[in-house]
Amino acid sequence: MDLLSTVKAPQTGLSLASAGRLESCTVDDGGRLTLTLTVPREQASALSALCDDAAKKLQTLPNVTSATIILTAHRPAGVPDPQPGGHAGSLPPSAAPARPAAGAGHRPLGGAAPAPGTPVLPGVKTIIAVASGKGGVGKSTTAVNLAVGLGMEGLKTGLLDADIHGPSLHRMLGTTGKPDVVEGRLQPVQAWGIRAVSLGMLVDEKAAMIWRGPMVMGAINQLLTEVDWGDLDVMVVDLPPGTGDAHLSLTQKVPLSGAVIVSTPQDIALIDARRGVTMFEKVKVPVLGLVENMSYFCCPNCGHNTELFGHGGARREAEAMGVPFLGEVPLLADIRSSGDSGVPLVIGAPNSEGGKAWRAIAHTVAAAIRVLPH
Ligand SMILES: Nc1ncnc2c1ncn2[C@@H]1O[C@H](COP(=O)(O)OP(=O)(O)OP(=O)(O)O)[C@@H](O)[C@H]1O
């Protein structure tokens, strides 16, 4: 805390030490330090800008190899939840959590809606969703590299493709054939150190996926309950784009611990990403952060960076919304080809620009997961 008090916001003189309350401090065997601080919600954006410099200071401590600072927001008592905008506005009351948030005015990290009665996935410690407002922004690519990256971080990881309209994770993982059925339960496919199930493993690739509301709920239920997921530290769920039936089905069925939102830096994608953040806040699922995909294009011939969709929009949006920014991933031919070839980039080219970007994002998310309530 002494070190944190030396990094101050130039305008206000605020520091993480003066404005935050230390919730937890852990150092793992590799010397990776993770600090969690609760900060006032209205100061979260200004304070998150100090995290990089503060983390660098912490890295100077003896035996600390890397440092991650996680801020959790504190909503003042009496301030209502933000109202959703756009098409998230029609969330039914049943989407609200059955359990009130712990502690007056406090938005806990793991404050998602619990499933009533018996836990649906008793062996799964943490469930996080990967979502995007807009389609085609690289949500599935991110889900695959994040899940495999979390496995590389030492977490026992599962990946559920809930993008029922356009399942693609089986392709991106390079799996072939159908999952086995043992004693009436579907066995996840093992790929690149994780367990995965996608509807794409079960249906003909040429089949059109036409789902109406109740069918979506049924399909998600089956993927959760009729698959033998076993014990997992974390399950990553790839949701369809938008804020629709699949999102509500998932939040009603299992207690989601957090959501990662993917967007390109383009305004039109960011508008939808904002809707995604608002929807998860509405159903009391903490947003673990925003990923900016297709951040810039680096020409393989001359090395010049072109900002095709603009650059930095997701970071600015994250700051404006008071949620963490997880990192930027460039637009690269080897990312596209890794998806098509079925070898996730974090495995096939871990030290490429994209591989390093995703490994860093997985490292940050793993640190956040380790301190989430299960
Ligand atoms: N950073 C990147 N660089 C190059 N290609 C990328 C990048 N990210 C994603 N792609 C490619 O863009 C296409 C769309 O990606 P992906 O399927 O992950 O998006 P999505 O948001 O999940 O799409 P959908 O809305 O269909 O679910 C894929 O061909 C993928 O390989």
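Two strands count as paired if DSSP finds at least two bridges between them. Keep that in mind for the first stop. Remember too that this is a predicted model.

**The whole chain**

Show everything. The chain has 12 helices and 14 strands. Of its 374 residues, 49% are buried. Now think about contacts with a separation of 6 or more: residues 24 or more positions apart account for 76% of them.

**Stop 1: strand E9**

Select residues 194-198. This is strand E9, and five of its five residues are buried. Both faces are covered. Ile 194, Ala 196 and Ser 198 sit on one side. Arg 195 and Val 197 sit on the other.

E5 and E9 run parallel, joined by four bridges. Which residue of E9 is the bridge partner of Leu 160? Click on Val 197: that is the partner.

E8 and E9 form a hairpin with two residues between the strands. Select Trp 192 in that hairpin: its phi is positive, near 50 degrees.

**Stop 2: Gly 200**

Move along to Gly 200. You are now in the loop between E9 and helix H6 (213-225). Is Gly 200 buried or exposed? Gly 200 counts as buried, because it has 22 C-beta neighbours inside 10 Å and the cut-off for buried is 20 or more. His 165 and Gly 200 are 35 residues apart along the chain, and their C-alpha atoms are separated by 9.8 Å.

**Stop 3: around the ligand**

How many residues surround the ligand? There are 20, and the closest are Gly 135, Gly 138, Ser 140, Thr 141 and Gly 339. By class, this shell has seven nonpolar, 10 polar and three charged residues. Colour four elements: helix H4 (139-152), strand E12 (287-298), strand E14 (325-331) and helix H10 (333-341). Each supplies at least two residues of the shell.

Zoom in on two glycines. Gly 135 is in the loop between strand E4 (124-131) and H4. Gly 138 lies in the loop between E4 and H4. Gly 135 is partly exposed, with 14 other C-beta atoms within 10 Å. Gly 138 is buried, with 21. Leaving aside neighbours within four places in sequence, Gly 138 is in contact with Val 262, Asn 293 and Met 294.

The UniProt record, an unreviewed entry, annotates a "binding site" that includes Gly 135, Gly 138 and Ser 140.

**Stop 4: helix H9**

Finish with residues 313-321, helix H9. Its buried residues are Gly 313, Ala 314, Glu 317 and Ala 318. Turn the view to look down the axis of H9. The buried residues fall within an arc of 135 degrees, so they line one face of the helix. What do they pack against? Select strand E11 (258-263), helix H8 (267-282), E12 and E14: these are the partners of the buried residues of H9. Gly 322 takes a positive phi of about 70 degrees.

Terms used: Residues are numbered from 1 along each chain as its sequence is written. This is a predicted model: local features need pLDDT of at least 70, side-chain atom pairs count only at pLDDT 80 or more; totals for chains, interfaces and linings use all residues. A residue is near a molecule or strand if its C-beta atom, placed from the backbone, lies within 6 Å of it. Ala, Val, Leu, Ile, Met, Phe, Trp, Tyr, Cys and Pro count as nonpolar, Asp, Glu, Lys and Arg as charged, and the others, Gly among them, as polar. A residue is buried if 20 or more other C-beta atoms lie within 10 Å of its own, exposed if 12 or fewer, and partly exposed in between; C-beta atoms are placed from the backbone. The arc is that of the directions from the helix axis to the C-beta atoms. Two residues are in contact if their C-beta atoms, placed from the backbone, lie within 7 Å. UniProt positions are given in the numbering used here, feature names are shortened, and annotations may be inferred rather than shown by experiment.
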